[in-house]
Amino acid sequence: VPLDRQCNRYASSRGGTHRDSCEISRIAVGVWRIDPAKFHQLHDWLFETNRTAISTKRQAEKLVGKEALSKELKYPIARQYIDKHVELYNRVGSGSVPKLMFPGSSMVGEVRSTQTLCNTIERELAGR
């Protein structure tokens, strides 16, 4: 979920450290739709350091091809996907990310304990 008010009306800021997050997210969703395996490569690359929309687009074009990416980004699907998740972000209280959502509960922010995560998953599965 982009944390820039440009595409997320529930975000607290516009620009700053989250500048370009709307376009970066749109590009990332486009890559995911073209080739989910390449999305993982892009995701890892994005989190190595701060990225711009321009550098992200270049990297995405290397991964899935300039023509394929251009064609995919002409469709509104990536934007609609982001909009859907922005609304979900709001429904679970906006604010911090990441958010792990389960049928009966959610976890917000960094989960520092593997045991806590495992206990939550086991509790959720037991309730099904």
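**A walk through the predicted model**

The largest pocket holds about 1300 Å³ of space, where a pocket is, on a 1 Å grid over the protein atoms alone, an open set of points where a 1.4 Å probe fits, with protein on both sides within 12 Å along at least five of seven lines, and where the volume is the space filled by probe spheres set on the points, joined across faces, edges and corners. This is a predicted model, in which local features need pLDDT of at least 70 and side-chain atom pairs count only at pLDDT 80 or more, while totals for chains, interfaces and linings use all residues. Residues are numbered from 1 along each chain as its sequence is written, and side-chain values use heavy atoms, with hydrogens and water left out.

The largest pocket is lined by 34 residues (each with an atom within 4 Å of a point), and the closest to its centre are Val-1, Pro-2, Ser-21, Ser-25 and Phe-47. Two or more lining residues come from each of H1, helix H2 (36-46), helix H5 (77-91) and strand E1 (99-101); helices (H or I, at least four residues) and strands (E, at least two) are DSSP runs, numbered from the N terminus. By class the lining has 19 nonpolar, eleven polar and four charged residues, with Ala, Val, Leu, Ile, Met, Phe, Trp, Tyr, Cys and Pro counted as nonpolar, Asp, Glu, Lys and Arg as charged, and the others, Gly among them, as polar.

The structure holds one aromatic pair, for which ring centres of Phe, Tyr or Trp (its six-membered ring) must lie within 6.5 Å, planes under 30 degrees apart counting as stacked, over 60 as edge-to-face and the rest as tilted. Trp-32 and Tyr-81 form this tilted pair, 5.2 Å centre to centre with 40° between the planes, and they join helix H1 to helix H5 across 49 residues. Trp-32 is partly exposed at 35% relative accessibility, and Tyr-81 is partly exposed at 32%.

Note on methods. Buried means under 20% relative accessible area, exposed over 50%, partly exposed in between (1.4 Å probe, protein chains only).
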